[in-house]
Amino acid sequence: MDGGLRKGGTGGVNQTGVRDYNERLLLSMIQRHGAMPGSDLARLVGLSPQTVSVILRKLESDGLLRRGEPMRGKVGKPSIPMELNPDGLLSFGLKIGRRSANLLLLDFAGAVRAQVNTAYAYPLPDALFAFLEQGMEELLQKIAPELRERVCGIGIGLPFELWKWHALVGAPKGAFDAWRGLDIPEAVAAFSDLPVFVVNDATAACRAEHLYGPRRDFGDYAYFYIGSFVGGGVVLNDTVFEGNQGNAGALGSMPSTGPLGESRQLIDVASIHLLERRLVEAGLDASVLWRQPQDWSGLSRYVEPWIGETAQELAKAALSICSVIDFEAILIDGAFPAEVRAELVERVERYLVTQDKRGLIAPKIVAGGVGENARAIGAASGPIFSQFLLNRNAGLSSI
């Protein structure tokens, strides 16, 4: 075994030269399962207690972990659980949507420290990078000076190939050409030295749900996020699967059928832009859909039929997804108030009963738990996840 990598049963490596792997492993376990004493971590990951103790001390000295309250009630000395230090890492997350952008500052425990928002007719690079530069300065002023050195990067979540959507958002032809071929990290480097991580906005939302959502009992599920356009993500073996081009879970592109039998995609029949269009046609101010805090209570006449139509399409899409991978659940979230999400989930469950399920096991339909901020939170988790947690999609062992 000299010179080799000796692995434990669940992926731990005792070789000192690969401590970075073990540090990520222990941080990932604590992030996923909560505070734990070193003895429990050692059993869980297959490392020796001595190895775990050394790594935990280093992570504590680096400010990434802190000691929790002693666990009493057992024979012997009380166990001291180690937990993530919320101040240990901070990260910016920018969500670029079709109608609005949201910039927030996320801490290591997944809490939003501060955020700023902007709305627009359609997104253009110059205005958005100006918003990002000004917004970061504004958010940094809201935290203690010593914490500003703990910011580890900028995550940016946006729809891939944004220039293809000009017609659907009402932008003039050619207005989005500035996005084509744009090197986003290079553009951000003009005003920030922080590393930049770009991710599909719906995949970012899925990661936020997986890292910080309340449901930790599903290891395999598909995720719908309904914004101006519907998108999605895929979780396999308890990790967000991005695919070889970062476009796995492009559920908005799933085929659908229009009222006359014409070929459509899910984005054409299950997105908030359809509700927005109805409000405009009725002479109402559609910007209420994107304002913060969200309040759709005065729009029930238009929201109710939209929920019904969207639920029917999501029920059909859920079964199509499960015909490829046997997902145990379908999670649904979106840029809408919690009561709208609850009603949509209930209606999808109802429509699923009437679908043809021959040869399929119907998945559980579950409400997501992160909400409207999911895309920005997921984007902000990118720098933290990429630099400090274990990425099983990168060929590393599972935890």
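In which handedness of crossing does H9 pass H10? H9 passes H10 in a right-handed crossing, where right-handed means that the near helix is turned clockwise from the far one by less than a right angle, and left-handed anticlockwise. This is a predicted model, in which local features need pLDDT of at least 70 and side-chain atom pairs count only at pLDDT 80 or more, while totals for chains, interfaces and linings use all residues. Residues are numbered from 1 along each chain as its sequence is written, and side-chain values use heavy atoms, with hydrogens and water left out.

**Helix packing**

- Helices (H or I, at least four residues) and strands (E, at least two) are DSSP runs numbered from the N terminus.
- H9 and helix H10 (residues 338–353) pack with their axes 8 Å apart and at an angle of about 50°, the axes being lines fitted to C-alpha atoms over the stretch in contact and the angles running from 0 to 180 degrees between N-to-C directions.
- H9 and H10 are therefore oblique to each other, since angles under 35 degrees count as roughly parallel, over 145 as roughly antiparallel, 65 to 115 as roughly perpendicular and the rest as oblique.
- Helix H2 (residues 38–45) and helix H3 (residues 49–61) have axes that come within 9 Å and cross at roughly 120°, so that H2 and H3 are likewise oblique to each other, and their crossing is right-handed.
- Ala342 has its place in helix H10 and, at 46% relative accessibility, counts as partly exposed, where buried means under 20% relative accessible area, exposed over 50% and partly exposed in between, with a 1.4 Å probe and protein chains only.
- The C-alpha atoms of Ala342 and Ile332 are separated by 9.3 Å, the two residues being ten apart along the chain.

**Second largest pocket**

- The second largest pocket has a volume of about 260 Å³; on a 1 Å grid over the protein atoms alone, a pocket is an open set of points with protein on both sides within 12 Å along at least five of seven lines, a cavity is a set where a 1.4 Å probe fits but cannot get out, and lining residues have an atom within 4 Å of a point.
- Grid points are joined across faces, edges and corners, and a volume is the space filled by probe spheres set on the points.
- Of the 13 residues that line this pocket, Asp268, Val269, Leu274, Arg278 and Glu309 lie nearest its centre.
- Helix H8 (272–281) and helix H9 (300–322) each supply at least two residues of the lining, and H8 gives the most, with four residues.
- The lining divides into four nonpolar, two polar and seven charged residues, with Ala, Val, Leu, Ile, Met, Phe, Trp, Tyr, Cys and Pro counted as nonpolar, Asp, Glu, Lys and Arg as charged, and the others, Gly among them, as polar.
- Asp268 lies in the loop between strand E12 (263–265) and H8 and counts as buried at 19% relative accessibility.

**Largest cavity**

- A search of the whole structure finds one cavity of 30 Å³ or more, and the largest cavity has a volume of about 70 Å³.
- The largest cavity is lined by 13 residues, of which Lys95, Ser100, Trp290, Ala335 and Arg375 lie nearest its centre, and by class its lining has three nonpolar, five polar and five charged residues.

**Backbone in the E9–E10 loop**

- Most residues other than glycine have a negative phi.
- Asn237, in the loop between strand E9 (230–236) and strand E10 (239–241), has a positive phi near 50° and counts as exposed at 62% relative accessibility.
- Asp238, found in the loop between E9 and E10, has a positive phi of about 65° although it is not a glycine.
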